[in-house]
Amino acid sequence: MAKTNKFHVKEIKDEVNYTVEEERKDRSPIYWFLKRNIWLIYGIVMFISIIISTITIYAVSKNIKGSTKVEYSDNGVTVTFDEGNNSILNGTPITESYASKLFDGTLANDLNKGVVIRIKETTFELGTIVYYSDKTVLIKYSNGNYVKVKALNNDYGVMDDGTIKSGADSKNVLFEYKNNEDLKIKLLYLSDGTVEITKDNLTILLRNEDLTSTKENFITNLSGVSVPISNNNDSIIFSDGKSIKEGNYIIVDGVKHYSVKEENIHDNIKIIYYDNGYAEVIHDDIDILVEKSEHIKYDDNIFEIVDGNKEINIKDFIDIKNIELDNKNNADINYIVVLEETANYAKHNVSRRLPNEYIDFRLTVKDNNTEGTLNNNIKDSKDYEGLELKTNTYLLYSGKLSSLEKTDVKVGLWISYKNITNEYMNSAFIGTLKVYVR
């Protein structure tokens, strides 16, 4: 920089010492700030960098430490579980079709949940039309064809004469009845993943198959919706097995609870809220009890019972494991996939064992599916003596790997609601998935 031969006083420290500096070419205040504080700024930057690095290292270390990935080798085959191989089954019993949807990942969290009620049902020349409180419609044609029609501009997409309005989204659905004969509840399973529930003149629609249906009880799992199963002397007994309506109060587990608020909304729907968080929804022939009244949602057009903020936790319903097999041998090998039951339930703070016959499974390998119940115990089988099995060991699959072949195996385990009763509500089945190479 060129000299200017111009000088000015920079600093006066005391009466004796003076600092005189040559005037430089004009610079901005930011330049002089950076120039005079360069070491302070450098120190701050280094300090921030150290903090960020420390946090990053801690996060990575924690993630590595918390990893549940399991890998081991057996006779030249590397077996890798993506999320550990321990299995604890103590969740909600579910149907086989619901388990399949969870296993395949075809169940949408946001749309396929909740309960709506039937608002009206009309007949026309070709069949019956059921109108629901979320403005969806189910057309049941007399020839056996069923069509589901979505809402159109916050209104029904079907007219009373069966005409589907222009622009309405409609599709054909297959159906199958899986009735609860003990409670005389009709369960119409539709291929779009919904279930129409009918008890006498009452009809509601469950948007998924998340329900419990046993010989003693019937209830939708998410919001706890139950239906009347008997009406004696002004006492309504609900299907959850613990609730009774008498007069202006309900009895739940032997305790009386009184109404705190009533609301009358559109479509002649009446909602009675009780002091224990329950609610009763009444509409014409419909009288249902809702355990979680906060799930009741409505506006000027729609009424539904749904937890809008809750995502489905798949592990509450099904335990899914992904396994990778890598045959490093130059020869074909045989292998089996098994579930070895724990010998010490007390170690896991489980006081009651869930019988294995209530556990169903599905296994997929090379696009081939194997399904069944956990009942093939090979612990004492002479065909597997060399494995030295010490606890109950249930065979899920046996297969073959070619030399140097890799393959993926997906296993799903769940509690089947088909035959289970309340007797096993607080029980669990615990085991470890293993692959043995022979």
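**Exercise 1. Find the residue in S19 that is the bridge partner of Pro-228, then work along the neighbouring strands.**

Step 1. Pro-228 has Phe-238 as its bridge partner in S19. Keep in mind that you're looking at a predicted model.

Step 2. Now zoom out to the strands. S18 covers residues 228–232 and S19 covers residues 235–238; they run antiparallel, joined by four bridges.

Step 3. Check the turn. Two residues sit between S18 and S19 in this hairpin, and Asn-233 in the turn has a positive phi of about 50°.

Step 4. Carry on to S20 (residues 243–246), which pairs with S19 in the antiparallel sense over three bridges. Here Ile-237 stands opposite Ile-244.

Step 5. S19 and S20 also form a hairpin, with four residues between them. In that turn it's Gly-241 that has a positive phi, about 85°.

**Exercise 2. Work out how the rings of Tyr-131 and Tyr-156 are arranged, and where the two residues lie.**

Step 1. Start with what you need to look up: a pair of aromatic rings is described by the distance of the centres and the angle of the planes.

Step 2. The count of aromatic pairs in the model comes to eight. In the Tyr-131 and Tyr-156 pair, the centres are 4.9 Å apart and the planes are at 75°. Planes over 60 degrees apart count as edge-to-face, so this pair is edge-to-face.

Step 3. Tyr-131 belongs to strand S7 (residues 127–132), while Tyr-156 is in the loop between S9 (146–149) and S10 (170–173). They're 25 residues apart, and the pair links distant parts of the chain.

Step 4. Buried or exposed? Tyr-131 and Tyr-156 are both buried.

Step 5. Look for a charge too: the charged end of Lys-120 sits over the Tyr-131 ring, 4.6 Å from its centre. You'll find another such arrangement at Tyr-273, where the charged end of Lys-261 sits over the ring at 4.7 Å from the centre.

How values were computed
Residues numbered from 1 in each chain as written. Predicted model: local features only at pLDDT ≥ 70, side-chain atom pairs only at ≥ 80, totals over all residues. Heavy atoms only, no water. Phe/Tyr/Trp six-rings, centres within 6.5 Å; stacked < 30°, edge-to-face > 60°. Buried < 20%, exposed > 50% of the residue type's maximum accessible area, 1.4 Å probe, protein only. Lys NZ or Arg CZ within 6 Å of the ring centre and 35° of its normal. Pairing = 2+ DSSP bridges.
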